[in-house]
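User: I am new to this structure. Please show me how to read it, one feature at a time.

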Amino acid sequence: MNSLFDVSGRTVLITGGVNGLGRMIAEGMLCAGAKVYVTTRKADAVDTAQRELSALGDCTVLAANLTDPKGATALAQEIMTREPALNVLINNAGKTWGAKLEAFPDKAWAPVFDVNVQVPFTLIRDLLGPLRKAASAEDPARVINIGSLAGTVVERIDAFSYAASKAAIHHLSRVLAAELADQHITVNVVVPGYFPTHMTAHIREAPAELEQLVRRVPLARLGHADDIVGACRFLSSRAGRYLTGSELYVDGGMAGCR
Ligand SMILES: NC(=O)c1ccc[n+]([C@@H]2O[C@H](COP(=O)([O-])OP(=O)(O)OC[C@H]3O[C@@H](n4cnc5c(N)ncnc54)[C@H](OP(=O)(O)O)[C@@H]3O)[C@@H](O)[C@H]2O)c1
């Protein structure tokens, strides 16, 4: 029973793991003994992140441009030159676009859907080989897609394409869970509420808005690193092997208590 939540020795790929939620998840996985690959678009961020994350465990930082599916295919190929088997794929990289309805531009749709929906799909498709190699009935390979509260409930955040893209990845995850269940690959969604990252900086910089937000959270605070790490470690470990096609809300009760 002591090993129920163990992720040590698992090979994990986290897209966008140099900043924000991805960084929290990467650090949490490394501290628990997983072998972790993270990606960033920023070539000049690789060395620092490599040094910092390697201090915590076996980590490789890869430069990868995941703005379109070609970048996802290139990343999958890079992973396959390094690893025959992949236990866990965490599609975390995400893009948002905020503007009032009247000013919301057409160009805010395709790039958001590319990063939030099509890139995760392409990565899953192109990494099926190593995922299958890691998978067994007793210990499935895991795909964890990072969704959003805004993809399930109506949050008035002026991020129209983002909300629609997150609803799309939630549904796509269920479709792929059904498709891959008999291959012993699970697909689940972790659904964050509000966490203090670059993506939510505009809220935290406006004290009145932050106070109003926290008042709407039943557990009365933003998310912490432990909260997102706990969900991802659970889904990656033996404890999480019987879930597929599910959504795990890490939102202080914002969806469930409505
Ligand atoms: N923070 C929250 O409260 C919250 C709530 C719900 C859902 N989420 C979801 O959590 C995930 C992580 O977001 P975050 O809060 O950590 O935001 P963040 O700090 O802005 O980080 C976004 C991450 O996505 C990567 N990324 C951004 N644009 C990209 C692009 N065009 N191509 C490839 N990678 C890109 C970034 O990597 P590089 O810049 O290093 O390339 C970065 O690691 C996203 O899927 C987001 O939708 C966050």
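**Reading helix packing and its surroundings**

Analyst: Start with a helix pair. The axes of helix H4 (residues 110–126) and helix H6 (residues 160–180) come within 8 Å and cross at roughly 15°. Bear in mind that this is a predicted model.

User: How is H4 oriented relative to H6, roughly parallel or roughly antiparallel?

Analyst: Two packed helices are described by the angle between their axes and the distance between the axes. Angles under 35 degrees count as roughly parallel. Therefore H4 is roughly parallel to H6. The crossing of H4 over H6 is right-handed.

User: Which residues of H4 and H6 make the contact?

Analyst: On the H4 side they are Val112, Phe113, Asn116, Val117, Pro120, Phe121 and Ile124. H6 brings Ser161, Tyr162, Ala164, Ser165, Lys166, Ala168, Ile169, Leu172, Leu176 and Leu180. In this contact of H4 with H6, 13 residues are nonpolar, three are polar and one is charged.

User: Now a second pair. At what angle do H1 and H9 pack?

Analyst: The angle between H1 and helix H9 (residues 225–236) is about 60°, and their axes are 9 Å apart. That makes H1 oblique to H9. H1 passes H9 in a right-handed crossing.

User: Which residues of H1 and H9 make the contact?

Analyst: H1 uses Leu21, Met24, Ile25, Gly28 and Met29. H9 uses Ala225, Ile228, Val229, Cys232, Arg233 and Ser236. The contact of H1 with H9 divides into eight nonpolar residues, two polar and one charged.

User: How many of the twelve residues of H1 are buried?

Analyst: Buried means under 20% relative accessible area. Nine of the twelve residues of H1 are buried, so H1 is largely enclosed by the rest of the structure. The buried residues are Leu21, Gly22, Arg23, Met24, Ile25, Ala26, Gly28, Met29 and Leu30. After H1 comes Gly33, with a positive phi near 90°.

User: Where else is phi positive, in a residue other than glycine?

Analyst: Asp158 has phi near 55°. It sits in the loop between S5 and H6. At 25% relative accessibility, Asp158 is partly exposed. His184 has phi near 65°. His184 lies in the loop between H6 and strand S6 (185–192). Its relative accessible area is 33%, so His184 is partly exposed.

User: What does Thr152 touch, beyond residues up to four places away in sequence?

Analyst: Thr152 is in the loop between strand S5 (141–146) and H6. It counts as partly exposed, at 39% relative accessibility. Thr152 touches His170, Glu247 and Tyr249, with residues up to four places away in sequence not counted. Its C-alpha atom is separated by 20 Å from that of Ala108, 44 residues apart along the chain.

User: And where does Ser54 lie?

Analyst: Ser54 lies in helix H2 (residues 46–54). Its relative accessible area is 34%, which means Ser54 is partly exposed. Leaving aside neighbours within four places in sequence, Ser54 is in contact with Ala49 and Cys59. Ser54 and Gly256 are 202 residues apart along the chain, and their C-alpha atoms are separated by 37 Å.

Conventions. Residues are numbered from 1 along each chain as its sequence is written. This is a predicted model: local features need pLDDT of at least 70, side-chain atom pairs count only at pLDDT 80 or more; totals for chains, interfaces and linings use all residues. Side-chain values use heavy atoms; hydrogens and water are left out. Axes are lines fitted to C-alpha atoms, for helices over the stretch in contact, and angles run from 0 to 180 degrees between N-to-C directions. Helices (H or I, at least four residues) and strands (E, at least two) are DSSP runs, numbered from the N terminus. Angles under 35 degrees count as roughly parallel, over 145 as roughly antiparallel, 65 to 115 as roughly perpendicular and the rest as oblique. A crossing is left-handed if the near helix is turned anticlockwise from the far one by less than a right angle, and right-handed if clockwise. Contact means heavy atoms within 4.5 Å. Ala, Val, Leu, Ile, Met, Phe, Trp, Tyr, Cys and Pro count as nonpolar, Asp, Glu, Lys and Arg as charged, and the others, Gly among them, as polar. Buried means under 20% relative accessible area, exposed over 50%, partly exposed in between (1.4 Å probe, protein chains only).
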